[in-house]
Amino acid sequence: MIAGSSISLDRAADLRVEPGVLDRLRADEATRVIAVRDGRVRISGADLESATLLRVPAAEIVDATWALLGREGDGTAVLLAVLQPEGDTVDTAPDEVWLGLRDLGARLGSGDTELLIEALALGGWLRDAPFCPRCGGGTELRQAGWSRRCLVCGREHFPRTDPAVIVAVESSDGERLLLGANANWGGRMYSCFAGFTEAGESLESTVHRELEEESGVRLASLRYVSSQPWPFPRSLMLGFRAVALDEHELRPDGEEIIDVRWFTRDEIGSALAGDGPVGLPGPASIARALILDWFEERA
């Protein structure tokens, strides 16, 4: 889920420009399809611990918006089928269930996780961006689902990725970690500080601004750690570690962040084990990876 993981999926950019490639691949019995509906995918397995991302023949899909995801390691083409919210378009066996990224957490293998995030991100764009943002005209899909061309003004559009920073802030002695409670969580969970990069802003400036706005804390130093695509709806989370300059003047903004606290290493260890004193982000998120990275550094 974070930078440094191997790439197992060939996104097959060479196939996207082939005329009629989606029709050809849909007619190929070897092609497999990942179906997405309402931000969820089908999982096969008796329980979450043994879950795998379900791939089905294209013939099983009745009505969908199609795109090319790529080729798997054995050369098999994988398509995306974006289904209608309540459409009964796929036969469902008793051991199949629809789940989202947060439900699955880090339970899937790296290859399935990569496919899952790509399918959710591209599927969200295909669902949400049917019209030209420049003139409002209708669009036609091109490049095997990876671009749209406006039928009115001719402008070409591509799936968006919005950069957002997320940062784990430690004390100057490295023995405490600063976390905040988002208002949406009702104070039950604490996490790293995060925010979207604004127009004309660098990532580093975003980190400094977000920390001062949300916690009142200024930073003495920061460094980039890793990134994670996060399709809610189309973010790229860029993870940082930072050291606080001033550790005593904590000031939550009162709107998005309702509490800011320093946690000792023992408290973080207890929370990671699920024993309190607070809840932490789930295993699918880069926020937890940053917290775990800090905790294990001096363990």
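Is Thr 139 buried or exposed? Thr 139 is buried, with a relative accessible area of 15%; buried denotes under 20% relative accessible area and exposed over 50%, with partly exposed in between, for a 1.4 Å probe and protein chains only. The model is predicted, so that local features need pLDDT of at least 70 and side-chain atom pairs count only at pLDDT 80 or more, while totals for chains, interfaces and linings use all residues. Residues are numbered from 1 along each chain as its sequence is written, and side-chain values use heavy atoms, with hydrogens and water left out.

The chain as a whole gives the setting. It contains seven helices and 16 strands, taken as DSSP runs numbered from the N terminus (helices: H or I, at least four residues; strands: E, at least two). The C-alpha trace spans about 65 × 50 × 35 Å along its principal axes. Of the 299 residues, 47% are buried. Among contacts (heavy atoms within 4.5 Å) between residues at least 6 apart in sequence, 64% join residues at least 24 apart.

Thr 139 belongs to strand 8, residues 139–142. Its side chain reaches the backbone oxygen of Pro 130 at 2.7 Å, and a polar contact of 3.1 Å joins it to the side chain of Arg 148. A polar contact is a pair of N or O atoms within 3.5 Å; within protein, one must be able to donate a hydrogen and the other to accept it, and residues adjacent in sequence count only if both atoms are side-chain atoms. Not counting residues up to four places away in sequence, Thr 139 touches residues including Phe 131, Cys 132, Cys 150 and Leu 151.

Ile 257 lies in strand 16, residues 257–264, and is buried at 6% relative accessibility. Ile 257 and Glu 213 are 44 residues apart in sequence, with their C-alpha atoms 9.6 Å apart in space. Beyond its neighbours within four places in sequence, Ile 257 contacts Gly 180, Ala 181, Asn 182, Phe 193, Glu 214 and Pro 252.

Helix 6 (residues 265–272) packs against helix 7 (residues 286–297) at about 130°, with axes 10 Å apart. Axes are lines fitted to C-alpha atoms, for helices over the stretch in contact, and angles run from 0 to 180 degrees between N-to-C directions. Helix 6 and helix 7 are therefore oblique to each other, since angles under 35 degrees count as roughly parallel, over 145 as roughly antiparallel, 65 to 115 as roughly perpendicular and the rest as oblique. Arg 265, Ile 268, Gly 269 and Leu 272 of helix 6 meet Arg 288, Ile 291, Leu 292, Trp 294 and Phe 295 of helix 7.
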